[in-house]
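Hi,

Here is the structure I promised to pass on. Please have a look, then read my notes below.

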Amino acid sequence: MKITMLGTGRAVVTECYNTCFVLRERDMPLRSDNLSDNDCISDKGICDNDIQSREKYFLVDGGSGGTILTQLKRASINWKDIKDIFVTHRHMDHILGILWMMRMICQAMKQGEYDGPVRIYAHDEVIDILNKTADMLLTKKETCFIGKEVRLIGVKDGEKKEIIGHKVTFFDIHSSKAKQFGFRIMLDDSSWLTCCGDEPCNETVEKYTADSKWLLHEAFCLAGDAERFRPYEKHHSTVKDACEKAEKLGVRNLLLYHTEDTDIHRRKERYRTEGKKYFSGCLVIPDDLETIDLSDSDTLFTEKGNIMGDQQRLEAFEKMLDNVRKEYDSIQRQMDDLKEQGKTKSATYRQLMGRKMTYQSMISMYEVYGLL
Ligand SMILES: [Zn+2]
């Protein structure tokens, strides 16, 4: 499964879009009986192009308006392919984009251009708001699909559903502001991703958040900027708060979103610098439209290139050190052998001497940095 961040910002941002995202899973390919002998059939008897083109999408929140359509377009996701949507709460920066989706989908249904049904999940209050506002803002020709092919599905605390082929449990985050639900989606039998919406996750939801392979959590600003942005007045966390919490919960990968946007180009670097002091797992501060592979074990692949998790980097450094020392010992042994044979003036011996010096200086660099 992959995640594409359509937006990463808090409510009032202009340098990025409001926090919303798409979870995407490759659809199980079906063998087409119409394939001719010349079609590209792989080992499994399936056309590769066909596999690539089919994905299932789970949209979570919509941001504050029609820009949801721009972001989907920029992410190369056809909005007509979205059949499952979840809305966390009623705040404008989350719900208004959903009304745009409903409008577009209803219109497309009217034209016979959308393959229904679409399922929109949310708790009862949000479902009520969607029903009422759609009734007021959309035309009768559009709203006639609501309740039929446009299914508004109210979910309760702890309720389970199967979405894009994965088990999802919705839960009340017990917000002190507007009633808000998060969810947990199973990535496989033993690992899951947990989304806590846009408020700090508290003890009441620890049974979902603890030991998550992935935790999606809000971080309003850096702890160092708390006086300037006042996150606590708005019931939000700093990067430090979110990282400390994730560390305590045994989270392996932490993705932070719903941030301020005053220094957006350096946000990744600045937030990582603060966060890494408090969180030892893999910390991800995505930009808008970034896609991250959630299935790789502790390895992050983003479309901007490979990023190793910190644990993996550490292992790679240890492996390199080990190999440098082994190579140094092996060179030394070969030189000793040649010495015994009286071949210290041979070309091989001189070559070995050159290599020994290279490895020696690498080892002394490790010493300089206190790694040996
Ligand atoms: Zn929000």
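In helix 9 (residues 267–275), the buried residues are Arg 267, Tyr 271, Glu 274 and Gly 275. These residues span an arc of only 95° around the axis, which means they sit on the same side of helix 9. An α-helix has 3.6 residues a turn, so residues three or four places apart point the same way.

What covers the buried residues of helix 9? The cover includes helix 8 (239–249), strand 12 (253–257) and strand 13 (282–284).

**Helix 8 against helix 9**

The axes of helix 8 and helix 9 are 9 Å apart, and the two pack at an angle of about 50°. The crossing of helix 8 past helix 9 is right-handed. On the helix 8 side, the residues involved are Val 239, Lys 240 and Cys 243; they meet Tyr 271, Glu 274 and Gly 275 in helix 9.

**The chain as a whole**

Remember that this is a predicted model. The protein chain has 372 residues, and 35% count as buried. It contains 11 helices and 16 strands. Of the contacts with a separation of 6 or more, 61% join residues 24 or more positions apart.

**Confidence**

Mean pLDDT for the protein chain is 89, with 88% of residues at 70 or more. Two stretches need a separate mention. Over residues 31–52, pLDDT stays under 50, and the model has 17 contacts beyond four places in sequence there. Residues 301–306 also stay under 50, with 10 such contacts.

Best wishes

Definitions and conventions:
Residues are numbered from 1 along each chain as its sequence is written. This is a predicted model: local features need pLDDT of at least 70, side-chain atom pairs count only at pLDDT 80 or more; totals for chains, interfaces and linings use all residues. A residue is buried if 20 or more other C-beta atoms lie within 10 Å of its own, exposed if 12 or fewer, and partly exposed in between; C-beta atoms are placed from the backbone. Helices (H or I, at least four residues) and strands (E, at least two) are DSSP runs, numbered from the N terminus. The arc is that of the directions from the helix axis to the C-beta atoms. Two residues are in contact if their C-beta atoms, placed from the backbone, lie within 7 Å. pLDDT is the predictor's confidence in each residue, from 0 to 100. Axes are lines fitted to C-alpha atoms, for helices over the stretch in contact, and angles run from 0 to 180 degrees between N-to-C directions. A crossing is left-handed if the near helix is turned anticlockwise from the far one by less than a right angle, and right-handed if clockwise.
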